[in-house]
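Subject: Structure handover and findings

Hello,

Here is the structure I said I would pass on. My notes on it follow below.

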Amino acid sequence: MRRVSLNARLAQDAQNTSEIYVALFCIEHSMLDSPVRLSTDPTERLQNEPLMYGTRSTWLDANTVTDPYLFVLASTVLPSDLDDAPAEGNIVLENVDNDIAKLLRSFSDLATIHIAVVLASSPSLVEAEYQNLKITSATINAGEVTLSFSRENVEEEYVPAGRMTKNRFPGLHR
């Protein structure tokens with residue numbers, strides 16, 4: 001069971017509320033100079049030329065002045081809390097340009113994504129958090145990009161990890 005702040009519980013129970021849930025995404029990869037920080041809410045205007053909106057949060061030790069989470073039109077299916085199923089979900093980024101498609105096609109290994117759900121009124125207080133998920137696929141079409149993410153596939157790990165050689169397991173070779 002996860003903890004939820006009192007403001008979030010009051011917003012969930014109220015018939016009408018001004019509280020808005022915001023999903024924050026942080027995408028990391030060794031080929032990126034810095035993590036890509038995205039937000040689903042235009043909380044505040046960050047700059048006029050070009051016009052950019054975003055959310056300032058200290059989640060993942062982000063500097064609120066230099067590392068804001070940039071607003072994108074996105075929808076998501078958050079990972080489930082089921083015990084017998086791996087945490088998996090997806091993000092649909094809308095109105096993307098060709099540079100994002102080029103960037104996604106340039107990766108040959110998996111990028112890491114972290115997701116947090118916060119309230120727009122308190123963006124540094126995390127209501128739900130999913131960390132170290134891997135982007136497993138990217139489906140790109142003319143107007144949107146769908147990123148699917150999950151944990152690393154543990155079924156592909158070798159068990160036992162080492163070989164049963166005489167040097168590593170001398171008790172087996174008496």
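Which element supplies the largest share of the lining of the largest pocket? Strand E9 does, with four residues. Before the rest, please keep in mind that this is a predicted model, so every value below was computed from predicted coordinates.

The pocket

The largest pocket has a volume of about 830 Å³. Its lining is made up of 35 residues, and those closest to the pocket centre are Ile27, Val36, Leu38, Ile100 and Leu103. Several elements each give at least two residues to this lining: strands E2 (36-39), E4 (52-55), E5 (69-71), E7 (88-94) and E9 (122-140), together with helix H2 (98-106). Sorted by class, the lining has 24 nonpolar residues, six polar ones and five charged ones.

The aromatic pair and the arginine over it

The count of aromatic pairs comes to one. The partners are Trp59 and Tyr69, with 6.1 Å from centre to centre and 35 degrees between the planes, and the pair is classed as tilted. The tilted class covers what is left between stacked, under 30 degrees, and edge-to-face, over 60. Trp59 sits in the loop between E4 and E5 while Tyr69 belongs to strand E5, so the pair ties together parts that are 10 residues apart in sequence. Are these two residues buried or exposed? Both Trp59 and Tyr69 are buried.

Tyr69 has a further contact on record here: Arg37 lies over the face of its ring, at 5.8 Å from the ring centre.

The salt bridge

How many salt bridges does the structure hold? It holds one. The side chains involved are those of Arg56 and Glu44, with 3.1 Å from N to O. This pair links distant parts of the chain, 12 residues apart: Arg56 is in the loop between E4 and E5, and Glu44 is in strand E3 (residues 44-47). Arg56 has a relative accessibility of 26%, so it counts as partly exposed.

Backbone points to check

- The peptide bond from Glu49 to Pro50 is cis, with omega near -10 degrees. Pro50 is located in the loop between E3 and E4.
- Leu60 is not a glycine, yet it has a positive phi of about 60 degrees. This residue is in the loop between E4 and E5, and its relative accessibility of 29% makes Leu60 partly exposed.
- Asn132 likewise has a positive phi of about 60 degrees without being a glycine. Asn132 is part of strand E9. Its relative accessibility is 51%, so Asn132 counts as exposed; the cut-off for that class is over 50%.

Distances along and across the chain

I also looked at some residue pairs by C-alpha separation.

Gly162 lies in the segment after strand E10 (144-150) and is buried, with a relative accessible area of 17%. Between Gly162 and Glu44 there are 53 Å in space, C-alpha to C-alpha, and the two are 118 residues apart in sequence. Glu44 is the residue that meets Arg56 in the salt bridge.

Phe107 lies in the loop between H2 and strand E8 (112-119). At 17% relative accessibility, Phe107 counts as buried.

Arg3 is in the segment before helix H1 (6-13) and counts as exposed, at 78% relative accessibility. The C-alpha atoms of Arg3 and Lys134 are separated by 24 Å, and the two residues are 131 apart along the chain.

In brief

The main items are the pocket of about 830 Å³, the tilted pair of Trp59 and Tyr69, the Arg56 and Glu44 salt bridge, and the cis bond from Glu49 to Pro50.

Regards

Definitions and conventions:
Residues numbered from 1 in each chain as written. Predicted model: local features only at pLDDT ≥ 70, side-chain atom pairs only at ≥ 80, totals over all residues. Heavy atoms only, no water. 1 Å grid on protein atoms, 1.4 Å probe; cavity = no way out; pocket = protein on both sides within 12 Å on 5 of 7 lines; lining within 4 Å. Points joined across faces, edges and corners; volume = space filled by probe spheres on them. Nonpolar A, V, L, I, M, F, W, Y, C, P; charged D, E, K, R; others polar. Phe/Tyr/Trp six-rings, centres within 6.5 Å; stacked < 30°, edge-to-face > 60°. Buried < 20%, exposed > 50% of the residue type's maximum accessible area, 1.4 Å probe, protein only. Lys NZ or Arg CZ within 6 Å of the ring centre and 35° of its normal. Salt bridge = Lys/Arg side-chain N within 4 Å of Asp/Glu carboxyl O.
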